[in-house]
Amino acid sequence: MPEGQGQASGTDVFEIMHTMRAMRRLKPDPVPDELIFKILAAGQAAASGGNTQRWRFLVLKDPAKKKAVQVYYKKAFDEVVGPRYASSPPPPGSDPARYKRQHAAVEYLTDHYHEAPVWIVACLEDGANPGRTAGSSIYPAVQNMLLAARALGLGSTLTTRHTQYEKEVDAAMGVPPGYHSYAILPIGYPMGRFGPVGRGPLSDVVYLDDWGKPYPGLK
Ligand SMILES: Cc1cc2nc3c(=O)[nH]c(=O)nc-3n(C[C@H](O)[C@H](O)[C@H](O)COP(=O)(O)O)c2cc1C
């Protein structure tokens, strides 16, 4: 591991969850395979409906394949995501300055997506017409992998924007018929530091017994 990297690692699960910000600025330095293996094993430890385990994890290091996908990722930014960021208000727990920084980081990742040394592409054998719950058998694995990366001091972000061009992108990555990619995790050593995530008050989104009824004592 390069000097000074991975220092943000820790094992307290609550600390990890509360500081697992989207890390969009990543160094191009290589990541040891042993760490990627740990992340993949954490993904496979996740639940899937009926324990069917119809997932496949395509690890991409190939610069040409990553670049081919980045072209569509950028296209989707220019067409949809950029304008949406520019015209929408800050989300709960954020403010205009923080939201601006988020937008800048999103744009940075867009331009440097393919430079992350390793991608894990989370795929699912979901058949021709996946239903509403299809993703629930792959996103637990995705979250486990993000948590594992964070625990190892590696940065990543859950990205799904590529699915706006899913046919083109899945073909570029060689995902066969019957499978679809559900998330791409660009992984690398972070340039910045992990820090607390920004969320609104929990009491705004939790109800007790009746919809809209506060849960006493919850802040
Ligand atoms: C379903 C989903 C899709 C996402 N897709 C992208 C993406 O394509 N690109 C990106 O930069 N971030 C993506 N994100 C990351 C979110 O924007 C990020 O988690 C959110 O802004 C909260 O930021 P934080 O995790 O740093 O607190 C995605 C997150 C989720 C849950």
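This is a predicted model: local features need pLDDT of at least 70, side-chain atom pairs count only at pLDDT 80 or more; totals for chains, interfaces and linings use all residues.

Student: Why is Gln-102 called partly exposed?

Tutor: A residue is buried if 20 or more other C-beta atoms, placed from the backbone, lie within 10 Å of its own, exposed if 12 or fewer, and partly exposed in between. Gln-102 has 18 other C-beta atoms within 10 Å, and is therefore partly exposed. Gln-102 belongs to helix 4 (residues 96-112); helices (H or I, at least four residues) and strands (E, at least two) are DSSP runs, numbered from the N terminus.

Student: How do you know whether Ser-156 is buried or exposed?

Tutor: Ser-156 has 28 other C-beta atoms within 10 Å, so it is buried. Ser-156 sits in the loop between helix 5 (139-151) and helix 6. Its contacts, beyond residues up to four places away in sequence, are Met-23, Leu-146, Ala-149, Leu-185, Pro-186 and Ile-187; a contact requires C-beta atoms, placed from the backbone, within 7 Å.

Student: What makes Asp-209 exposed?

Tutor: Asp-209 has 6 other C-beta atoms within 10 Å, so it is classed as exposed. Asp-209 lies in the segment after strand 3. Its phi is near 70 degrees, a positive value in a residue other than glycine.

Student: Why is a positive phi worth noting?

Tutor: Because most residues other than glycine have a negative phi. Gln-53 also has a positive phi, near 55 degrees, and is found in the loop between helix 2 and strand 1. With 14 other C-beta atoms within 10 Å, Gln-53 is partly exposed.

Student: What makes helix 3 roughly antiparallel to helix 6?

Tutor: Helix 3 (residues 63-87) and helix 6 (residues 166-173) pack at an angle of about 175 degrees, with their axes 9 Å apart. That angle makes the two helices roughly antiparallel, since angles under 35 degrees count as roughly parallel, over 145 as roughly antiparallel, 65 to 115 as roughly perpendicular and the rest as oblique. The axes are lines fitted to C-alpha atoms, for helices over the stretch in contact, and angles run from 0 to 180 degrees between N-to-C directions. Lys-65, Ala-68, Val-69 and Tyr-72 of helix 3 meet Glu-168, Val-169, Ala-172 and Met-173 of helix 6. By class, this contact has six nonpolar, no polar and two charged residues; Ala, Val, Leu, Ile, Met, Phe, Trp, Tyr, Cys and Pro count as nonpolar, Asp, Glu, Lys and Arg as charged, and the others, Gly among them, as polar.

Student: Why is helix 3 called roughly antiparallel to helix 4?

Tutor: Helix 3 and helix 4 pack at an angle of about 170 degrees, and their axes are 11 Å apart. The angle therefore makes helix 3 roughly antiparallel to helix 4. Here Tyr-73, Lys-74, Phe-77 and Tyr-85 of helix 3 meet His-103, Val-106 and Thr-110 of helix 4.

Student: How do you know that strand 2 and strand 3 pair?

Tutor: Two strands pair if DSSP finds at least two bridges between them. Eight bridges join strand 2 (residues 118-125) to strand 3, and the two run antiparallel. Among the partners in strand 3, Leu-185 is bridged to Ile-120, and Ile-187 stands opposite Val-118. The open sheet contains three strands in the order 1-2-3, with antiparallel pairing.

Student: What makes strand 1 and strand 3 edge strands?

Tutor: Strand 1 (55-60) and strand 3 each pair on one side only.

Student: Why is strand 3 described as largely enclosed?

Tutor: Eight of the nine residues of strand 3 (residues 179-187) are buried, so the rest of the structure largely encloses this strand.

Student: Which residues are around the ligand?

Tutor: They are Arg-21, Ala-22, Arg-24, Val-106, Leu-109, Thr-157, Leu-158, Thr-159, Thr-160, Arg-161, Val-197 and Gly-198; the criterion is a C-beta atom, placed from the backbone, within 6 Å of the molecule. This shell divides into five nonpolar, four polar and three charged residues. Arg-21 has 19 other C-beta atoms within 10 Å and is therefore partly exposed. Arg-21 touches Phe-194, Gly-195 and Val-197, leaving aside residues up to four places away in sequence.

Notes: Residues are numbered from 1 along each chain as its sequence is written. Two residues are in contact if their C-beta atoms, placed from the backbone, lie within 7 Å.
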